[in-house]
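User: Please take a close look at one part of this model, the place where the two chains meet. I would like one connected account of it.

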2 protein chains.
Amino acid sequence: MKKSLGVKPYLFPMPVALIATYNEDGSVNVMNAAWVGICSENKIALNLDEEHATSRNIKKRGAFTITVSNTEHMKQADFFGIATANKMKDKFERSGLKAEKSELVDAPIIKEYPLSLECKVHKIINDGNDFTVIGEIVDVKADESILNEKGDVDIKKLDPIVFDQAGRSYYKIGEKAGRAWHEGVPLMNA
Amino acid sequence: MKKSLGVKPYLFPMPVALIATYNEDGSVNVMNAAWVGICSENKIALNLDEEHATSRNIKKRGAFTITVSNTEHMKQADFFGIATANKMKDKFERSGLKAEKSELVDAPIIKEYPLSLECKVHKIINDGNDFTVIGEIVDVKADESILNEKGDVDIKKLDPIVFDQAGRSYYKIGEKAGRAWHEGVPLMNA
């Protein structure tokens, strides 16, 4: 017998995505968001509050980058989720991190994190209180340090943090459990 | 200097969500999807191919459930991602799992997994090749076995699998890295 927990946004695991944009004065803004998801091979959806400085910046610049937060810079990632750029004008400077302009989109890439997605706005959807930005991923930039011998991302080297909404905590990625499109093959022939 | 990896849907971590629906004849269908994301306190977005049996079922029944896959039933979860209900009519039976009808929505709940979200269709968005279903979460059902002393979900007891798109692999959740809305506090006062 299962127990009812009520209405909760309980998807596990959830990412810690850092959305980086330029403010009107050209300074860098970064917010922390877990309510993001891949939509297709080249699209990502961000579910935001329209009042965020990030939302205004995305509407004005038509671009943003997504950085996957890692354990090494968890402190800064968490700070980006606590501080509000609307009230703290030097939010990014306080993090102690550095950014450089993307060559492809009008948005900054945070230098210290090893993986970023450069995105152009594909579509903005307003639905009542929900404000969704669909971004087109135009390139992925990665540090050599997180790549495997094939030149692709090694999740253990990337060391992304997992957000646990129920426990208000962050976790590391654990041991490998299995191979995708492989573990279920025996049931295909059962 | 960061390296360009091209256009890739690289968000880390990603979930393994099992979308359960009823076929026209009342039989159960389950598909495995990583391209899902929480949209708000009570909404979840599924990004599907409109040709899936699941997409047809959702349009007809206006409902679905989302089950978070755990390590214990990783094999079945992977199978749901390999097999196509359009070609394999007894897909769910082959998994060896059982389902029961949700009391709240017109969709099945898989009994063996400990966490499911019951959802009604809020909106369907067609955008070129992209087919997005926004579901309203009307309740979350959990086995007692995954709850902590406060009656909320304990992510380590839930033991969800993490999908690694780059490495085509599944991982377990590892050690706790920190507390959300806490690790960044020192930077607020810096």
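Analyst: Two residues are in contact here if their C-beta atoms, placed from the backbone, lie within 7 Å. The model is a predicted one. By that cut-off, 86 residues of chain B are in contact with 86 residues of chain A. On the side of chain B that touches chain A, the most residues come from strand E13 (residues 169-179) of chain B, which gives 11. That side of chain B is made up of 45 nonpolar, 17 polar and 24 charged residues.

The interface residues of chain B are, to 100%, also interface residues in chain A, so the copies meet through the same surface. The superposition gives the geometry: a rotation of 180° with 0.0 Å of shift along its axis places chain B on chain A, with an RMSD of 0.0 Å. The two copies are thus related as by a two-fold rotation axis. In chain B, the C-alpha of B:Gly174 is the one nearest the axis, at 1.8 Å from it.

Strands also pair between the chains. Strand E1 (residues 3-6) of chain A pairs with strand E11 (residues 130-142) of chain B in the antiparallel sense, over 3 bridges. Within these strands, A:Ser4 stands opposite B:Lys141 in E11(B).

Leaving aside neighbours within four places in sequence, B:Ile19 is in contact with residues including B:Val30, B:Leu46, B:Phe64 and B:Ile66. In soluble globular proteins, nonpolar side chains tend to be buried together.

Methods:
Residues are numbered from 1 along each chain as its sequence is written. Chains are lettered from A and ligands numbered from 1 in the order in which they are written. This is a predicted model: local features need pLDDT of at least 70, side-chain atom pairs count only at pLDDT 80 or more; totals for chains, interfaces and linings use all residues. Helices (H or I, at least four residues) and strands (E, at least two) are DSSP runs, numbered from the N terminus. Ala, Val, Leu, Ile, Met, Phe, Trp, Tyr, Cys and Pro count as nonpolar, Asp, Glu, Lys and Arg as charged, and the others, Gly among them, as polar. Two strands pair if DSSP finds at least two bridges between them. Copies are superposed by least squares on the C-alpha atoms of residues with pLDDT of at least 70 in both.
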